[in-house]
Amino acid sequence: MQFHHHGYVSGDPRVQPAAGVGLERPEELPDDVDVLIVGTGPAGITLAAQLSQFPGITTRIIERRGGRLEVGQADGIQARSVETFQAFGFANRIIEEAYRITEMAFWKPDAAHPENIVRTAVAPDDPTGISEFPHLIVNQARVQDYFLEVMAHSPTRNRPDYGWEFVGLEIGEGDHPVSVTLRRTVGPDQGAERVVRAKYVVGGDGAHSRVREAIGATHQGAKAFHAWGVMDVLADTDFPDIRRKCAIQSHDGGSILHIPREGNHLFRMYVDLGEVPPDDDGRVRLTTQEEVEARANQILHPYTLTVRHVAWRSVYEVGHRVTDRFDDVVEPGSRTPRVFIMGDACHTHSAKAGQGMNVSIQDGFNLGWKLGHVLEGRAPETLLATYSAERQVVAQNLIDFDRKWSSLMAAKPDELDDPTELERFYVQTAEFPAGFMTEYAPSMIVGEGVHQALAAGFPIGKRFRSHPVVRVCDGNPVHLGHHARADGRWRIYVFAGADGLARGSETVEFADWLATSSASPLAATPAGADRDAWFDVKVVYQEAHLDVDPGRVPDVFRPRTGPFQVVDHEKVYAADPGDDIFDVRGVDRSGAVVVVRPDQYVAHVLPLAARDELAAFFAGCATAVDA
């Protein structure tokens, strides 16, 4: 965390100075807004938190409830989400309060006494060490609380407008072409309607999304005709793995997915209620808590479970659906989108893979910086078409994965070709549920892989995988990616060649070009703004940190910042000789440039000499345009 560059801060440095629209934010919803977000679920709240970092953009987020979410349905936090929390500044705090999953136990019928279950395997949760961050369990309401705090502490001082529900919208002309009708759900004026005009509208309003209906998008998919009872409970039990994540398959085909919860006492169980007849018409949802508990005890035999307190419960039928498009453009390329949908509004699936909240968070992170850049004039409107193009593929991959996982969980052990198929699938696909299989295709914000070999460990289109380095200014070991915040900036990581400090080296020549050339992406930075306001440029040298002379480091890697124009010393790093990032991430010793998007995905890998290619890439997506 960096602060004091605007002067001494007495108090919580996480509270940013109010700026722009945050200086005189009206209490009531204004008639005109830049972005109107419908729904404070994981996608909507992430989008709002990202846009709250853009002081000149008026963003309002509405919620039909009268206040904050108190009990959420989602609870699994994958490592990719924790990486995202790091960018928003609260990863360490949420890790401290969450339950951490390190392994998963598999229980199956005892071969000698099949009416009983026995533990057959325990698999590590992250066998390959794909992330430095853990897999967590914490209630969705707490995740949203942290994002609400980010919004409240942001320059815009944003917060939700509770007690408003979406009724409908019309898209017309003008500066604020989307007219949205809202209805009051609480208070003395309950039932009253009003219209808000917006430049862009985003629906994060759940599986029964009215925004989705308003733009004519349709869910494609079907029910799996299988039901599960889910309960968050405090209970007495002699089941030995009650504090370990478990997949439990019984002799009669009934299964349980068991999830310990934060706080060391509460736990969640997804209890298999079996097949649902096509003509059930939702009657399975009337299954009582007593019936769910009885089924759980039948599956757990010879162990017993006595529920003492139910914090939350539900019965649901598995369904797998993806919306045909994630924005209001019926014919791709015919115009730029004005209305978007995210999260459960465009992808629904079972809860057992722990993906719903996590994928929704990435929906919001993906769209947030794009809207911010377009509205601030940093990028052309065509950038917005990449949201649906990128996230719809991710959603379909999620549905395909979840369909396989759900079918394995519901299968009888003797129906599987291999009795270890469930645990093998869990281990072999660990990278997918952790959130790291997303790989965006080449586009205006993802380059071709012509030079990928220069940095093989930073695959283009995949998330930037951090690694330890040493900060030159003070010798502190730090993770290279942890300095990046969700501030809307592109990252340009310069991996210096072996002679990176020498006058006339490729590294120095590249630095001079970045600083002085009219073709450099930095040239788009508005006059009067800090040099690194739009582009965060960092360098990693191959030499040991004590061998890097700061006086020979180009000024572009040591920019001046804030009203007093003091030097930022935290952008110059050295490889750790004992854990060399060049070796571990396969970075060529001749040097390389790794470009990373504001949402932490690698956009390009280039040689230090490929200045024209770098200029051409940014010319299409990150050059100043008329706002």
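Rings of Phe, Tyr and Trp (its six-membered ring) were taken to pair if their centres lie within 6.5 Å; planes under 30 degrees apart count as stacked, over 60 as edge-to-face and the rest as tilted. The model is predicted, so local features need pLDDT of at least 70, side-chain atom pairs count only at pLDDT 80 or more, and totals for chains, interfaces and linings use all residues. Residues are numbered from 1 along each chain as its sequence is written, and side-chain values use heavy atoms, with hydrogens and water left out.

By the ring rule, a search of the whole structure finds 23 aromatic pairs. One of them joins Phe-458 and Phe-464. This pair is stacked, at 4.7 Å centre to centre and with 5° between the planes. Burial was scored by relative accessible area: buried means under 20%, exposed over 50%, and partly exposed in between (1.4 Å probe, protein chains only). Phe-458 is buried, at 0% relative accessibility. Phe-464 is also buried, with a relative accessible area of 8%. Elsewhere, ring pairs link Phe-85, Phe-88, Phe-90, Tyr-146, Phe-147 and Phe-365 into a cluster.

Charges over rings were examined next. A charge sits over a ring if NZ of Lys or CZ of Arg is within 6 Å of the ring centre and within 35 degrees of the ring normal. The charged end of Arg-338 meets this rule over Tyr-200, 4.7 Å from the ring centre. Arg-463 lies over the face of Phe-436, and here the distance to the ring centre is 3.8 Å.

Strands and helices were assigned as DSSP runs, numbered from the N terminus (helices H or I, at least four residues; strands E, at least two). Two strands pair if DSSP finds at least two bridges between them. Seven strands form an open sheet, in the order E20-E19-E25-E22-E21-E26-E27. Its pairing is mixed. Strand E20 (477-479) and strand E27 (602-606) stand at the edges. Each has a single partner strand, so one side of each is left without a neighbour in the sheet. The twist averages 30° from one strand to the next; axes are lines fitted to C-alpha atoms, for helices over the stretch in contact, and angles run from 0 to 180 degrees between N-to-C directions. Within this sheet, strand E21 (residues 490-495) and strand E22 (residues 535-541) run parallel and are joined by six bridges. Arg-491 has Asp-536 in E22 as its bridge partner.

A second open sheet has three strands, in the order E3-E7-E4, with antiparallel pairing. Strand E3 (76-77) and strand E4 (99-101) are the edge strands, and each pairs on one side only. Two bridges join E3 to strand E7 (residues 135-137) in the antiparallel sense. Ile-77 has Leu-136 in E7 as its bridge partner.

Strand E5 (residues 103-109) is mostly covered, with five of its seven residues buried. Seven bridges join E5 to strand E6 (residues 117-124), and the two run antiparallel. In this pairing, Glu-103 stands opposite Pro-124. E5 also runs parallel to strand E13 (residues 245-249), through four bridges. Here Phe-106 stands opposite Ala-247, and Ala-105 has Cys-246 as its bridge partner. Five of the five residues of E13 are buried, so this strand is largely enclosed by the rest of the structure. Both faces are covered: Lys-245, Ala-247 and Gln-249 are buried on one side, and Cys-246 and Ile-248 on the other. In E14, His-258 is the bridge partner of Cys-246.

The loop between E5 and E6 contains Ala-111. Ala-111 counts as exposed, at 81% relative accessibility. Ala-111 and Asp-324 are 213 residues apart in sequence and 46 Å apart in space, C-alpha to C-alpha.

A cavity is a set of points where a 1.4 Å probe fits but cannot get out, and lining residues have an atom within 4 Å of a point. Grid points are joined across faces, edges and corners, and a volume is the space filled by probe spheres set on the points. The count comes to four cavities of 30 Å³ or more. The largest cavity has a volume of about 190 Å³. Its lining comprises 19 residues, of which Phe-464, Gly-481, His-482, Ala-484 and Gln-600 lie nearest its centre. Helix H2 (79-88) and E21 are the elements that give two or more residues to this lining. H2 supplies the largest share, four residues.

How values were computed. On a 1 Å grid over the protein atoms alone, a cavity is a set of points where a 1.4 Å probe fits but cannot get out, and a pocket is an open set with protein on both sides within 12 Å along at least five of seven lines; lining residues have an atom within 4 Å of a point.
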